[in-house]
Structures are given as C-alpha cells and as structure tokens.
Amino acid sequence: MALGYVRPARPEDAGEIARIQLATWRVAYRRILPRHVLDNLDEAFLARRWSAAVLEPPSGAHRVLVAVEQAEQSYLVGFVASGPADAEALAPGEPADAFGPDAAAVTDLLVEPRWGRRGHGSRLLAAAVDLWREDGFARAVAWAFDGDEATRKFLTSTGWEPDGAARALDVDDMLVPQVRLHVAVPTEPVPDDRPAD
C-alpha cells in the first residue's frame, strides 16, 4: 500500500524538483508551449534556481513544499512553490498595489503525470493553505495557461475561480494566454472530502 505526504523541500531536493518540473512541462505543456523551448530547457539551470529558492527564500512566507509517495521506496512526485503576491501576480495594467499584504501567490504547482490521480496535488495545496493561514494571508492567486485544462479543472474543483484577469506570455515570439484564478483562504482547516486528484 502506498502512502503520500507533504514536507518542506530540502536543499538536496533541488535536482529532483527540477527533473519533475521538466518532465511535467514536457508532457503537460507539449501542446501549449513551442517544442523547441521545452526541448532546450536546462535541468541543471532549473536545479540551481530551486536550490536558491529553498536555501535563500526572499522571506519566511516564501516556501517550497514537496509531495512524497512512500511505498517500498520513497519518491518525490510533485511540488508547490508560493509566497506573498508580488509583481509577477499582476495582470497587465494592474497597479502595483493591487494586492495587499494579505494575498499569497502560487508560482508552481506540479505533480509528475505518472503519479497523478493519487491525491498528491490535493495534499500539496492543503499544506500550502495551512501555511498561508498561519502567515495571515486571506486570499491566494495563481496563473494557469488557458490551454492547461487539467490545472484549471483541479483548481476549480478545490474552490478556485477565475477572477477575470488575463495575460499572454511571450514565449520565443509566441504569445501564450494565461488566466488568473483566486480563492479565499479559509480561516479554519476545511475537511477534505473531495475525490483524490
């Protein structure tokens, strides 16, 4: 029987987080992002960025959590990164102060596709929400690719809703549309009776 849990990322996890990010993007975003962009992503570069995020976060409210599948062996299978909402969370034309200090932003939430539908995404999100509550955040936002139906469906199934904001990322001269979703952070833990993701 397999068990899953979430824990804070450790410095030695950076390489595995980068591998998961790369593997997931190459599967989930193959119809969204240009193939040559996905093919040319540098895993070592990503690992260095994740190492910095774990070792030197900009604040105590910036966190990287990992999901672990534990059976006969333990496997890192996904991760979530979040922190206070900043300029990266803004839509084009929004004022710099559109988000107050009570807003968190998810920058990454990925579960490697081969480990999907086992509850890891739900556990990652629930752990992040618990930490947002401790940090005093009242709401959270996340950007999702317009064509990433799996992420949008997962987030909306957990109470997130589009907030009407949209933007397009310039990825090697190709504009890739994104939509922003938001959710209120519950003041008390919510029992999870949803089906596993």
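Student: In this predicted model, is Arg152 buried, partly exposed or exposed, judged by relative accessibility?

Tutor: Arg152 counts as partly exposed, because its relative accessibility is 26% and the class runs between the cut-offs of 20% and 50%. Its salt-bridge partner is Asp146, with 2.9 Å from N to O, and Asp146 is likewise partly exposed, at a relative accessible area of 34%.

Student: What is the general idea behind such a pairing of side chains?

Tutor: Side chains of opposite charge can pair when their charged atoms come close. In this structure, a search of the whole model finds ten salt bridges, and Glu16, Arg19 and Glu112 are linked in a network of them.

Student: Where do Arg35 and Asp39 lie, and how many residues apart are they?

Tutor: Both belong to helix H2, which covers residues 35-39, and they are four residues apart, about one turn of the helix.

Student: Which parts does the salt bridge between Arg180 and Asp163 tie together?

Tutor: The closest N and O atoms of Arg180 and Asp163 are 2.6 Å apart. Arg180 lies in strand S7 (residues 174-184) and Asp163 in strand S6 (residues 161-171), so the pair ties together parts that are 17 residues apart in sequence.

How values were computed: Residues numbered from 1 in each chain as written. Predicted model: local features only at pLDDT ≥ 70, side-chain atom pairs only at ≥ 80, totals over all residues. Heavy atoms only, no water. Salt bridge = Lys/Arg side-chain N within 4 Å of Asp/Glu carboxyl O. Helix = DSSP H or I, 4+ residues; strand = E, 2+ residues; numbered from the N terminus. Buried < 20%, exposed > 50% of the residue type's maximum accessible area, 1.4 Å probe, protein only.
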